[in-house]
Amino acid sequence: MRIFVKNQIFIPELFTPNDDGANDVFLIYGDGIQEIALRIYDTSGNLLYETDDPQTAQFSGWDGKSNGQTLPDGNYIWTIEGKYFNGSSVEFNGKNKGVIRLIK
């Protein structure tokens, strides 16, 4: 028996870390991801969050905080590097960098 896993990834454009139980964390959604490095920066290029663990990126995510401090509403930059189980590079819509909007 052969099992084929479709390589796919979705990265949302916004999240709302306001503790209402909906969209409280920024997550990467995907299938077939073997490795991923997710990093979040402010618009000045300061690193705010990072993980190299696919499980963390997909199930725990970023809570909109840096060093325990809640960050203000605004745009933040995400970057990803990684590969799928078939060896191809992980990209979202052909890109490995984008913007996430934090709204409370």
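Rings of Phe, Tyr and Trp (its six-membered ring) pair if their centres lie within 6.5 Å. The views below are taken from a predicted model.

**View 1. An aromatic cluster formed by ring pairs.** Phe10, Tyr29, Trp78 and Phe92 are linked into a cluster by pairs of their rings. By the rule stated above, the count of aromatic pairs comes to six.

**View 2. The tilted pair of Phe15 and Trp62.** A pair of aromatic rings is described by the distance of the centres and the angle of the planes. For Phe15 and Trp62 the centres are 5.3 Å apart and the planes stand at 50°, so the pair is tilted. Phe15 belongs to strand 2, whereas Trp62 is found in the loop between helix 1 (54–60) and strand 6 (65–66); the pair therefore ties together parts that are 47 residues apart in sequence. Both Phe15 and Trp62 are buried.

**View 3. The edge-to-face pair of Trp62 and Tyr76.** Trp62 also forms an aromatic pair with Tyr76, with 5.6 Å from centre to centre and 70° between the planes, an edge-to-face arrangement. Because Trp62 lies in the loop between helix 1 and strand 6 and Tyr76 in strand 8, this pair ties together parts that are 14 residues apart in sequence. Trp62 counts as buried because its relative accessibility is 0%. Tyr76, at 6% relative accessibility, likewise counts as buried.

**View 4. The hairpin of strand 4 and strand 5.** Strand 4 (residues 33–41) pairs with strand 5 (residues 47–51) in the antiparallel sense, over four bridges. Leu38 has Thr51, in strand 5, as its bridge partner. The two strands form a hairpin with five residues between them. In the turn, Gly45 has a positive phi of about 90°.

**View 5. Asp19, a loop residue with positive phi.** Most residues other than glycine have a negative phi. Asp19, a residue other than glycine, has a positive phi, near 60°. Asp19 is located in the loop between strand 2 (14–15) and strand 3 (29–31). With a relative accessibility of 74%, which is over the 50% cut-off, Asp19 counts as exposed.

**View 6. Asn93, a loop residue with positive phi.** The phi of Asn93 is near 55°, a positive value in a residue other than glycine. The loop that holds Asn93 runs between strand 8 (74–84) and strand 9 (97–102). Asn93 counts as exposed because its relative accessibility is 66%.

Definitions and conventions. Residues are numbered from 1 along each chain as its sequence is written. This is a predicted model: local features need pLDDT of at least 70, side-chain atom pairs count only at pLDDT 80 or more; totals for chains, interfaces and linings use all residues. Side-chain values use heavy atoms; hydrogens and water are left out. Buried means under 20% relative accessible area, exposed over 50%, partly exposed in between (1.4 Å probe, protein chains only). Rings of Phe, Tyr and Trp (its six-membered ring) pair if their centres lie within 6.5 Å; planes under 30 degrees apart count as stacked, over 60 as edge-to-face and the rest as tilted. Two strands pair if DSSP finds at least two bridges between them.
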